[in-house]
Amino acid sequence: LQNTGSVVFFTDFDRSQGNYITDADGNCLLDLYTQIASIPLGYNHPKMVEVLKNDKNWALFANRPALSSFPPKEWVSKLNKTLMSMAPPNLTHVQTMACGACSVENCLKSMFMVYQRQKRKGQPPSAEELQSCLVNEPPGSPDLSILSFKNSFHGRTMGALAITHAKWFHKLDFPQPRWPVASFPYLRYPLEENQRENRIEEDRCLAEVEELIEKYSKMKQPVAGICVEPIQGEGGDNHATPYFFQNLQKICKKNHISLMLDEVPVSKVIKEDNLLSLVRETGRYLLTSLEDAQRKYPGILSRARGLGTYIAIDFKDGATRDAFIQNARLKGINLGGSGSVTLRFRPTLTLRKKHVNIFLDVLHSLLAQMK
C-alpha cells in the first residue's frame, strides 16, 4: 500500500484533540511533533472544523476552480482579508499554491523569469527563444542556476530537490542540476556568550555565497536567485541571526538577483486568539527548561535553541536521540528528530505551560536513566 517503513503508528483522528494525538489502539499522547509541524492549531480545532462545515465554502472544495482563469467572485476579498493582510510593506502581489513543494517550484520559475526579463531589458522573447525552449535548448532554455545551502530542505518534487541537501534518501537516483551549494551558519549557544564567534561564522558563509555567485558567472551558469529557510528544519534546526539574512539580501540586490525565503504562514486564528503572545511565553519557558536540563546533563544534551516554540536541542549522538524519542513515546509523548543528533519540537501554537510540564517530567525521568 505504501512505504510501511515510514509508519510510526496509525492515528485515530476522530479522537485526537488539540495538543493530543490518539493512536489506533486508543492510546493518547501529548503531540510535540504535530504531523511534522503541519497541524499548527492542533487536532480538530473548532475554527478549522467550522470552515470545513460552512456551506459557503463547499462550492470551492467541490468545484476546484482554475484560479488564474475562473476565480470565484469572492476571491479578491478573501485574499485581502487573509494573505495580503500580513504581507510585508510594498509586497502587493500573492500567488496561491496547493502545497509547500509546489510553492517552491513556482518561486523557482518566477526567479528565472525575472532574471531573463531583466536581461531582455523590456524586449519580448525572440523567435529563436520561443522555439528552442520546446526542445530544452538555449537560448530559450538558458543555463541558469539557483544558489541554496547545505542541510536545506525545500520539498520532494524535482525542482525543490535540486535545492534540497538534508539527507541522501531524499535525492538518491534522481538526476539533478549542478547548482551552487553554500554553507549555512553553524552557531554556538548561548548566543549572547558567542557573538564574536558567530559573527565570524556568518561572515564566512556570506563570503562563500559571494564567491559561488562569481564562480558560476564565470562558468556561464549565472545565479538567478538564492533560496534559504529562515530556520533549517529537516537539516537539524539550524538558525542564523538577522545579520546573516540582511546581508544575504544585500548580496542579492548587489547582483540583481532574487531572494526566496521558504516559510509558511498561518493567519486569521493567530490574530484573533493572540497566539503569538502565547507562543512567546510558552517558548521561553520550554527553552529555559531545556537550557537547565543541558546544564544538568552536559554529557547528553547541548545547543538548546529556538524561536517561539520552534525549538530544538542536540543529543550526544543519533542513537541516544532515537532511543529517547522511542522511550518518550512509550511514556505518552510524541516527538521527532531532525539532522543527525537533534530533537526538534513542533508543537501546536496553542501549547501551554501545563503541556510543557508534562513533557519535562518525562524528560528528566528518561535522562536520569541515561546519566
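Strands β1 and β2 (residues 28–31) pair in the antiparallel sense over three bridges; two strands count as paired if DSSP finds at least two bridges between them. The bridge partner of Thr22 in β2 is Cys28. This is a predicted model, in which local features need pLDDT of at least 70, side-chain atom pairs count only at pLDDT 80 or more, and totals for chains, interfaces and linings use all residues. Residues are numbered from 1 along each chain as its sequence is written, and side-chain values use heavy atoms, with hydrogens and water left out.

The pair belongs to an open sheet of three strands with mixed pairing, ordered β1-β2-β9. β1 (20–22) and β9 (333–334) stand at the edges with a single partner strand each, so one side of each is left without a neighbour in the sheet.

The protein chain as a whole has 13 helices and eleven strands; these are DSSP runs numbered from the N terminus, with helices (H or I) of at least four residues and strands (E) of at least two. Its radius of gyration is 23 Å, close to the 21 Å that the globule rule gives for 371 residues, so the chain is as compact as a globular protein of that length. The radius is taken over C-alpha atoms, and the rule is 2.2 Å times the number of residues to the power 0.38. Along the principal axes, the C-alpha trace spans about 70 × 55 × 45 Å.

Among contacts (heavy atoms within 4.5 Å) with a separation of 6 or more in the protein chain, 65% join residues 24 or more positions apart.
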